[in-house]
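Subject: Structure handover

Dear colleague,

I am passing on the structure that you asked to take over, and below it you will find what came out of going through it. Please read the notes with the model open beside them.

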Amino acid sequence: MLQILNTLQEQVLTKLPAISTQEELVVYKNSIFGKNGELTEILKGVKDLSIEEKQTIGKATNDMKNSLAAAFDIRSQAIDAAEVEERLASEYTDVTFPIADTGIGHLHPLTQVIRQVEDSFTRMGFEIRESMEVTNEYKNFDAVNIPKSHPARDMQDTFWLEGIGNVLATHTSSMQNEIYKTHDLPIRVVIPGRVFRNEDVDATHENTFYQVEAIVVDKGISFANMKYTIRTMLSDIAGKEVKIRLRPSYYPFVEPGADVDFSCPFCDGTGCRICKGTGWIEFMGCGMIHPNVLREGGIDPMVYSGFAFGFGLNRLAMIKYGINDMRYFQNPNVAFLRQF
Ligand code: PHE
């Protein structure tokens, strides 16, 4: 009997390495250990042995059975390991590998414009701070010279949040105070961000849109510095030199304040559909930062001066891409988005 078992063991040990999948292994194991398996059949003979034989041979067969079972386990582990190896080799992904241009998806037109604006400011030495979407009454209004009773609060219809005077930022100017308080001088910061106004939505008004604020504070900053910065940025974005003109205007946080028009880059000022025949595009607000605003930010207006300007990015994208309805920006309309 031992003889037969030895032959079986040899057979199994030569066959096992040739088995490469768990499925095959299970089938094979069954053919040895199963109910009618070869080993089981042989072991059935043990009961016919004499008592002495049972003691010696019985133990030997048991050992043999255990060592065969162990051989199967080892093979099973080896198969698992080989599978892992193979998957590692065949499914390896180089996440740093540049992908081919699949034509699937691209940046949203607003994101493209934000990046162009940021590029222009970065080249001029500005740093970028993103605007907070949730702010408070103090930063959005009081700190930028719009006290409670001030009619200018009505200029911007506000989404008030429940509780402790929190609001959704109605303009990126809500970031000014914090920056004055926390930033070392001089300050040259550009602040893109999402702002919210409780307005009726139409082709030129949205309740949610993007603005960019730029602020500069240093000793001896003048209106001329502001004009230069604005013209440089607008020329960068238009891709050609534009002219600007400033019209006196009122914003509580600047004095003097102005509105900026730039010469229409589509017709170079001769008049077209985009500039409605005027040759100029009305674009944004600007001015020298009001002394009250600097003071509230902990900056002495007798020593330092600065300018600020702010504009709507949606409007910039509309001009740049000839989009005639602001509502498209928040609309996941693929036919619209594919055009940019
Ligand atoms: N905060 C103003 C607005 O939302 C824009 C502005 C910013 C005007 C800075 C002047 C200076 O309309």
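Predicted model: local features only at pLDDT ≥ 70, side-chain atom pairs only at ≥ 80, totals over all residues.

Two strands are said to pair if DSSP finds at least two bridges between them, and the strands themselves are DSSP runs (E, at least two residues; helices are H or I, at least four), numbered from the N terminus.

Residues are numbered from 1 along each chain as its sequence is written, and side-chain values use heavy atoms, with hydrogens and water left out.

As for the overall layout, the protein is divided into domain 1, covering 2–91, and domain 2, covering 109–337, with bounds that come from an automatic or database domain assignment. The C-alpha centres of domain 1 and domain 2 are 79 Å apart.

The pairing described above belongs to an open sheet of seven strands, which has mixed pairing and the order β1-β4-β5-β9-β8-β7-β6. Its edge strands are β1 (127–128) and β6 (244–249), each of which pairs on one side only. Further along the sheet, β4 (residues 187–196) runs antiparallel to β5 and is joined to β5 by ten bridges, with G193 standing opposite Q211 in β5. On β9, the bridge partner of Q211 is G312, and that of V217 is G306; these two strands, β5 and β9, pair in the antiparallel sense over eight bridges. Five bridges join β8 to β9, again with an antiparallel run, and here G287 has A308 in β9 as its bridge partner.

In β5, nine of the eleven residues are buried, and in β9, six of the eight residues are buried.

Which residues are the closest to the ligand? Among the 14 residues that surround the ligand, the closest are H171, S173, R197, Q211 and G310, a residue being counted if one of its heavy atoms lies within 4 Å. The strands β5 (208–218), β8 (280–289) and β9 (305–312) each supply at least two residues of this shell, and β9 gives the most, with three residues. By type, the shell divides into six nonpolar, six polar and two charged residues.

Turning to individual atoms, a nitrogen atom of the ligand is 3.1 Å from an N or O atom in the side chain of H171, and a nitrogen atom of the ligand is 2.9 Å from an N or O atom in the side chain of S173. For R197, an N or O atom of the side chain is 2.9 Å from an oxygen atom of the ligand. Taken alone the ligand exposes 330 Å², of which the protein buries 92%, with accessible areas from the Shrake-Rupley method and a 1.4 Å probe.

With best regards

Conventions. Polar contact = N/O pair within 3.5 Å; in protein donor to acceptor, adjacent residues only side chain to side chain. Nonpolar A, V, L, I, M, F, W, Y, C, P; charged D, E, K, R; others polar. Buried < 20%, exposed > 50% of the residue type's maximum accessible area, 1.4 Å probe, protein only.
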